[in-house]
Amino acid sequence: GLAGDEVMYIGAAQSLAHDGTYRESALPGNPWQTKYPPGYPLMLAAILKWNPADRNFWIIAHSWIWMAVGSFTLAWAIRQTGFTRVQAAIVGALWAANPSGANAAIFALADAPFCAVLFLALGLALRLDKSSLWSAAAAGLVMGVACLIRSAGIVAIGGLVAWLLWPNPMAFVAVVF
């Protein structure tokens, strides 16, 4: 645990794995965990419940696996915008290779799984017909999963709703950036 958040995630995961409660065992008095959504600690709890010989390796391997999934879902989402396969693959590789992206995979933080789910939601929003209620529902469902992993998903939902309601999504990107 190099970051304070890692300690909190793993403490909540240990509580889920051993006691079945969502408490923070890393803090005195074992209070209820109220800072983080339960999605990522539940993922870590599955690893802790499995009780592998080298649990720290598997926790970091879990982050690397999510980083790879995030790279593929980003490339898929970029492909939905009309980029070629090579261009989309380069974007996914660059995201994984940049220091911020790599940081998400070397710490036991919720960033890598959150980004993977967020990129999936964006790809769904781009792929599905914007006039259908189904596209909004599918993207919203995936964004709900993102909110279970990181509370920043709440802000991302607002951006996705604006994206779906905007008549020309590429104009929306041009205005924002």
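The crossing of helices H3 and H4 is right-handed in this predicted model. Helix H3 covers residues 55-80 and helix H4 covers residues 85-97; their axes lie 8 Å apart, at an angle of about 145 degrees. Those are the values to look for in such a case, since two packed helices are described by the angle between their axes and the distance between the axes.

Which residues of H3 and H4 make the contact? On the H3 side you will find Met67, Gly70, Ser71, Leu74, Ala75, Ile78 and Arg79, and on the H4 side Arg85, Ala88, Ala89, Val91, Gly92, Trp95 and Ala96. Sorted by class, the contact has nine nonpolar, three polar and two charged residues.

Leaving aside residues up to four places away in sequence, alanine 88 touches Ala75, Ile78, Arg79 and Phe83. Its C-alpha atom is 7.0 Å from that of tryptophan 76, a residue twelve places away along the chain.

Now for a residue in a loop. Serine 151 is found between helix H7 (133-149) and helix H8 (153-165). Is serine 151 buried or partly exposed? With a relative accessibility of 45%, serine 151 counts as partly exposed, because that value falls between the 20% and 50% limits. Serine 151 and proline 38 are 113 residues apart in sequence, yet their C-alpha atoms are 10.0 Å apart in space.

If you are wondering about cysteines, a search of the whole structure turns up zero disulfides. The table puts the accessibility values together.

| Residue | Relative accessibility | Class |
|---|---|---|
| Serine 151 | 45% | partly exposed |

Finally, a word on confidence. The protein chain has a mean pLDDT of 83, and 88% of its residues reach 70 or more. Which element has the highest mean pLDDT, and which the lowest? Among the elements of the chain, H4 has the highest, at 93, while helix H9 (residues 169-176) has the lowest, at 58. Where pLDDT is low, the predicted coordinates should not be read in detail.

Terms used:
Residues numbered from 1 in each chain as written. Predicted model: local features only at pLDDT ≥ 70, side-chain atom pairs only at ≥ 80, totals over all residues. Heavy atoms only, no water. Axes fitted to C-alpha atoms, helices over the stretch in contact; angles between N-to-C directions. Helix = DSSP H or I, 4+ residues; strand = E, 2+ residues; numbered from the N terminus. Left-handed = near helix turned anticlockwise from the far one by under 90°. Contact = heavy atoms within 4.5 Å. Nonpolar A, V, L, I, M, F, W, Y, C, P; charged D, E, K, R; others polar. pLDDT = per-residue confidence, 0-100. Disulfide = S-S within 2.5 Å. Buried < 20%, exposed > 50% of the residue type's maximum accessible area, 1.4 Å probe, protein only.
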